[in-house]
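Hi,

Here is the structure I promised to pass on. Have a look at it first, and then read my notes below.

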Amino acid sequence: MARKKIALIGSGMIGGTLAHLAAKAEMGDVVLFDIAEGMPQGKALDLSQCGPVEGFDAKITGTNDYADLAGADVVIVTAGVPRKPGMSRDDLLGINLSVMKAVGEGIKNNCPNAFVICITNPLDAMVWALREFSGLPHNMVVGMAGVLDSARFATFLAWEFDCSVKDVNAFVLGGHGDTMVPVLSYSTINGIPVKDMAKIKGIPESRLDEIVARTRAGGGEIVGLLKTGSAYYAPATSAISMAQAYLGDQKRILPCASYVEGKYGVDGLYVGVPTRIGAGGTEDVIEIELSDEEANNLKVSVDAVEELLDACRGLDASLV
Ligand code: A3D
C-alpha cells in the first residue's frame, strides 16, 4: 500500500512543527507548501535530516507550487498571519480571508478528496470561508481549536489538583475566542466531576472560575510572552491527533470546529462541538445537554461567530 500524503499549507511555526510530528509518527510523506520561496524547501531539507537520527521513514518535500499537493489524503492549513501582542484573533480577519480564498482554490483544483483541517485564525470564520472557497463537502473540512482549548483547560486543572494530565478529561465548547465555553459539568478527573474533586480537595469554586478564565485567555497569555507570534507546539500536536483519527478511522470523539446544522440551536455554522472523527471525516456531532448558563454562554459564542461571518461576507461578495 502506498504511503499516505500529508500536505501542510503554510510552513511557518505551526507548519514546521506539524511536519516534524507527522514524519516522526510515520503518518505518511509530507509536503510543506508556502508562498515564501525557499522556506518550505529549507525546512523540508532540515527535517529530512532528522530521519536518520530519529529513525523515521517519511519523504519530506517543500514547494511553492499547488500542483505538488495532488493526491493529498490530509491537508492542514496554517497559511496566513498569527497574532502579535495587543491583537485579537478577529484583527486577522481581512488578511487571512484573502489567504483562505487562494488556499481554498488550491485545494479544490489539486486535492479535492482530502480531509482538510484548518488552524488559521479567526478559526471559526476561516474554516467556514475555506469550506466555501474550496467547495468540499462539509464533513471533509473541520477546524482545530477545541482539542487545544481542552488541552489548555486540562493542563491548568491537573496543576491545580496536583494530578496527572492523563487523568483529566476537560471539555470546551463554542467558538475559539474569548467567548469559548469551558464546560465544568462535563470535565472530570478520571470520571470524578471536577466540582466534586474541588470539594474533596477544599478548592473554592472561585478558583475554578479563575481556571476557566485563564483557559479562555490561554492563547493571549502565550502571545504576550512570545511577543513575536502565537503558540505552535500544542496547536500542531492537537491537529495531528485529528489527522490520525481520520487516517486510522479511529472514531475519536474530539471537540472540533465542525459544521453544525440543527443541533445546539445552530443552523449552518462552524462552531466547537464534540465530533466523531473517522474515515468519513467529521461523521457525527454529539449534542450534549447543557445547563441554562452553559447554553447562554454557547449562544454568546455562536453570536460572536455569526458576526465574523457577516464581516467576511462584507469583505468578499462571493460569500453568501
Ligand atoms: P506563521 O509562523 O507566521 O506561519 C504562517 C505561514 O503562512 C507563513 O510562513 C506565511 O508565509 C504563510 N502564508 C501567508 N500567506 C500564505 C498564502 N497565501 N499561501 C500559503 N502560505 C501563506 O504563523 P503560525 O504558524 O504561528 O500560525 C498560523 C496561523 O495559525 C495563524 O493564523 C494563527 O493565528 C493560527 N493559530 C491558530 C490556533 C488555533 O488554536 C486555532 C492556535 C495558534 C495559531
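One thing before the details: this is a predicted model. I began with the ligand, and an oxygen atom of the ligand is 3.2 Å from a polar backbone atom of G80. The protein covers 88% of the 870 Å² of accessible area that the ligand has on its own.

At M13, a backbone N or O atom lies 2.8 Å from an oxygen atom of the ligand, and for I14 a polar backbone atom is 2.9 Å from a ligand oxygen.

As for the site itself, the ligand takes up the space of the largest pocket.

Finally, two backbone spots to look at. Most peptide bonds are trans, and most residues other than glycine have a negative phi. The bond joining N121 and P122 is a cis peptide, with omega about -5°; P122 is in the loop between β5 (115–118) and α5 (123–134). N190, a residue other than glycine, has a positive phi near 45°, and its place is in the loop between β10 (188–189) and β11 (192–193).

Methods. Residues are numbered from 1 along each chain as its sequence is written. This is a predicted model: local features need pLDDT of at least 70, side-chain atom pairs count only at pLDDT 80 or more; totals for chains, interfaces and linings use all residues. Side-chain values use heavy atoms; hydrogens and water are left out. A polar contact is a pair of N or O atoms within 3.5 Å; within protein, one must be able to donate a hydrogen and the other to accept it, and residues adjacent in sequence count only if both atoms are side-chain atoms. Accessible areas come from the Shrake-Rupley method with a 1.4 Å probe; for residues, only the protein chains shown count as cover. On a 1 Å grid over the protein atoms alone, a cavity is a set of points where a 1.4 Å probe fits but cannot get out, and a pocket is an open set with protein on both sides within 12 Å along at least five of seven lines; lining residues have an atom within 4 Å of a point. A molecule sits in a cavity or pocket if more than half of its atoms lie within 2 Å of its grid points. Helices (H or I, at least four residues) and strands (E, at least two) are DSSP runs, numbered from the N terminus.
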